[in-house]
Amino acid sequence: MPDPIDAPSPNFDQRRALPDAIVLHYTGMRTGEAALARLRDPEAKVSAHYLVEEDGRIFRLAPEERRAWHAGRGVWQGETDMNAASIGIEIVNPGHEFGYRPFPDAQIEAVVALIGDIRERWTIPDARIIAHSDLAPDRKEDPGELFPWKRLAEAGHGLWFEPAAERVAALTGLLQKGDQGIGVVVLRAGLHRLGYGLKPGGDYDDETATTVRAFQRHWRPDRIDGVADGETRARLVGLLQLASAESVTGVLD
């Protein structure tokens, strides 16, 4: 891993517990220089622990044992203060507003190495390596559908699941806004169990569609429409199984 470049930000405070999650962001600004300046500006009151440039340079902004201000309002697996629970990594990319583009190989290699390095110091389950959009589906899209979550998982970090064709075929039909019934109940319960703030229920409402869209952005990037087709649901089932197996393994360890 490239040695991080120290670029201290004043925007952090005390944690109330050890970090057990990693949240990935994109910077969503025109340049990395502008993003770095903002993350270090005391007036902005935002920060992260690390920023990763497109060329693979890593900037260290806040100590991992401190609470950086990167996540904002949101929830994952019942935790409503994700700043307190997580280490935040900002990945330089102009984002959807300024010309969203694929993440360069050098940048992703640096992100993979950085996450591996962080996990040597802290106990962070794969199910708690998430997108900013996962904890805040109603207001965030980052790091977005072009971020290579599959590649990250293949390197040993985070969850990924691709269902077999027969598994997809067994889940016929679409679930979408306005639907009600047992299928929606199962979907909402599954999304909640994975970690989303969506509460269990039987209505496919606006919040459900927004949450499905966030799920797709991370785990079904070929379809981001808020409609739960068979493949979206099959991926959710598979991810829940992986997360459950990880939880059991953690207990046994």
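Modeller: The expected span of a helix is 1.5 Å times one less than its number of residues. The model is a predicted one, and helix H9, which comprises residues 206–219, can be checked in that way: its 14 residues should span 20 Å, and its end C-alpha atoms are 20 Å apart, so the two values agree. H9 is mostly covered, with 10 of its 14 residues buried, and these are Thr208, Ala209, Thr211, Val212, Ala214, Phe215, Gln216, Arg217, His218 and Trp219.

The partner is helix H8, residues 182–194, which packs with H9 at an angle of about 55 degrees, the axes being 11 Å apart. On the H8 side the contact is made by Leu187, Arg188, Leu191 and Leu194, while H9 contributes Thr208, Thr211, Val212, Phe215 and Trp219. Thr208, Thr211, Val212, Phe215 and Trp219 are also listed among the buried residues of H9.

Elsewhere in the chain, helix H1, residues 32–39, has Gly32, Ala35, Leu36 and Leu39 as its buried residues. Seen down the axis of H1, these fall within an arc of 100 degrees, and they therefore line one face of the helix. What covers them includes strand E4 (50–52), strand E5 (58–60) and strand E7 (86–91).

Serine 9, in the loop between strand E1 (5–6) and strand E2 (12–14), has a relative accessibility of 4% and so counts as buried; leaving aside neighbours within four places in sequence, serine 9 is in contact with Leu39, Arg40, Val46, Ser47 and Leu61. Tryptophan 69 lies in the loop between strand E6 (66–68) and helix H2 (82–85), and at 24% relative accessibility this residue counts as partly exposed. Although tryptophan 69 and leucine 39 are 30 residues apart in sequence, their C-alpha atoms are 9.2 Å apart in space. Not counting residues up to four places away in sequence, tryptophan 69 touches Asn11, Phe12, Asp13, Lys45, Val46, Ser47 and Asn83.

Definitions and conventions
Residues are numbered from 1 along each chain as its sequence is written. This is a predicted model: local features need pLDDT of at least 70, side-chain atom pairs count only at pLDDT 80 or more; totals for chains, interfaces and linings use all residues. Side-chain values use heavy atoms; hydrogens and water are left out. Buried means under 20% relative accessible area, exposed over 50%, partly exposed in between (1.4 Å probe, protein chains only). Helices (H or I, at least four residues) and strands (E, at least two) are DSSP runs, numbered from the N terminus. The arc is that of the directions from the helix axis to the C-beta atoms. Contact means heavy atoms within 4.5 Å. Axes are lines fitted to C-alpha atoms, for helices over the stretch in contact, and angles run from 0 to 180 degrees between N-to-C directions.
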